[in-house]
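My notes follow the order in which I checked them.

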Amino acid sequence: MASITWFLFSSRLRIFLTALTFFVGLYALAGFVIIPWMARPRIVETIKELTGRETRLDTLKLNPFTLSGTMAGFEITDLDGEKLLSFDRAYANLQALPSIFKVEAHFKEVDLASPFFRFQINEDGSINIADLINQVTALMAESNVVAEGEEPEEPIAVNVGILRVTDGVISLTDLSRTAPFVSVIAPISFDITGFHTGGASDAPYAFSGTSESGESFSWEGYAALNPVRSKGSFKIEGFSMPKYEPFYDILLNTDVTSGTVAVSASYEFLSGDGGVIRLQDASVIAENMEVVDGRSGNPVASMASASVTGASVD
């Protein structure tokens with residue numbers, strides 16, 4: 001009798017284990033192979049339709065067991081044929097999806113490697129992403145329209161444990177100036193921990209970058225959305241005055257042939273009713289400034305060093 005019972009139990013166990021193995025294998029096949037194979041071209045086509053720009057995505061990998069995904073070789077080509085936006089690799093690890101109980105998506109980690117963005121002011125003063133800005137503005141206005149008697153939908157909050165960007169590049173070009181201005185800010189690397197797009201939590205962050213000419217900037221503090229608010233400090237060092245001459249040559253009849261400026265301050269910002277914009281402990285330091293007449297080239301002024309410290313704006 002015991003042997004029969006054990007046989008029935010073991011048979012049911014084998015059936016259960018076989019079925020479990022089959023469904024786990026099917027789940028793995030769908031997550032690792034089928035869904036990425038189907039989703040990659042759809043993602044490319046959707047972005048292409050939304051932006052009106054050629055889009056490329058080389059690989060899409062998903063891990064259904066860790067709920068993580070990796071995209072590699074992503075690029076959007078601008079209307080003039082130049083690269084607009086790209087990254088080498090983007091990784092995200094999802095921990096929790098929005099549900100009927102909690103309208104929030106929680107990511108353990110989001111990692112973006114070697115992102116690139118190109119911003120250009122054209123000769124006629126228009127910018128290369130004007131159409132995209134208009135499209136986003138229209139979509140936001142449409143989403144804010146609520147029918148009479150209906151409650152507005154609560155936006156999905158996004159909670160990111162660690163948001164990391166490494167080796168980013170921003171290309172800035174202004175073709176509307178008499179002398180075209182081109183600058184590349186790189187590498188840009190920063191970590192944001194505990195970032196949250198809604199609620200009362202404040203997300204600490206740190207941000208730093210260096211331009212091709214050695215200018216450096218950093219930003220650290222706290223930020224949150226709904227309402228938009230931020231508090232922290234920033235620092236800009238080695239800001240080259242001659243480099244940005246195309247931006248002030250129209251207003252001034254003088255040229256700054258040498259000199260650097262450093263700016264730092266603590267700040268606080270709160271949007272909405274009763275909003276706050278405050279700067280504290282601000283300092284501006286100018287060094288090795290040489291100014292000449294824009295027409296004759298004769299020296300106008302020189303200054304070894306000058307500084308303003310402890311300033312506040314409220």
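This is a predicted model: local features need pLDDT of at least 70, side-chain atom pairs count only at pLDDT 80 or more; totals for chains, interfaces and linings use all residues.

I looked up R56 and got 37% relative accessibility; buried means under 20% and exposed over 50%, so R56 counts as partly exposed.

I then checked what the R56 side chain meets. It forms a salt bridge with the side chain of E75, at 3.2 Å from N to O. R56 lies in strand β1 and E75 in strand β2, so this pair ties together parts that are 19 residues apart in sequence.

Next I searched the whole structure and found 9 salt bridges. One of them joins the side chains of R53 and D78, at 3.0 Å from N to O. I placed R53 in the loop between α1 (2-51) and β1 (55-63), and D78 in the loop between β2 (68-77) and β3 (83-96), so the pair ties together parts 25 residues apart in sequence. Are R53 and D78 buried or exposed? I found both R53 and D78 buried.

I went on to R164 and E109, whose side chains meet in a salt bridge at 3.4 Å, N to O. R164 sits in strand β6 (residues 157-174) and E109 in strand β4 (residues 104-113); the pair links distant parts of the chain, 55 residues apart. R164 has 24% relative accessibility and counts as partly exposed. E109, at 22%, also counts as partly exposed.

Last, I looked for shared partners. Salt bridges that share partners join R53, D78, D80, R118 and D131 into one network.

Definitions and conventions
Residues are numbered from 1 along each chain as its sequence is written. Side-chain values use heavy atoms; hydrogens and water are left out. A salt bridge is a side-chain nitrogen of Lys or Arg within 4 Å of a carboxyl oxygen of Asp or Glu. Helices (H or I, at least four residues) and strands (E, at least two) are DSSP runs, numbered from the N terminus. Buried means under 20% relative accessible area, exposed over 50%, partly exposed in between (1.4 Å probe, protein chains only).
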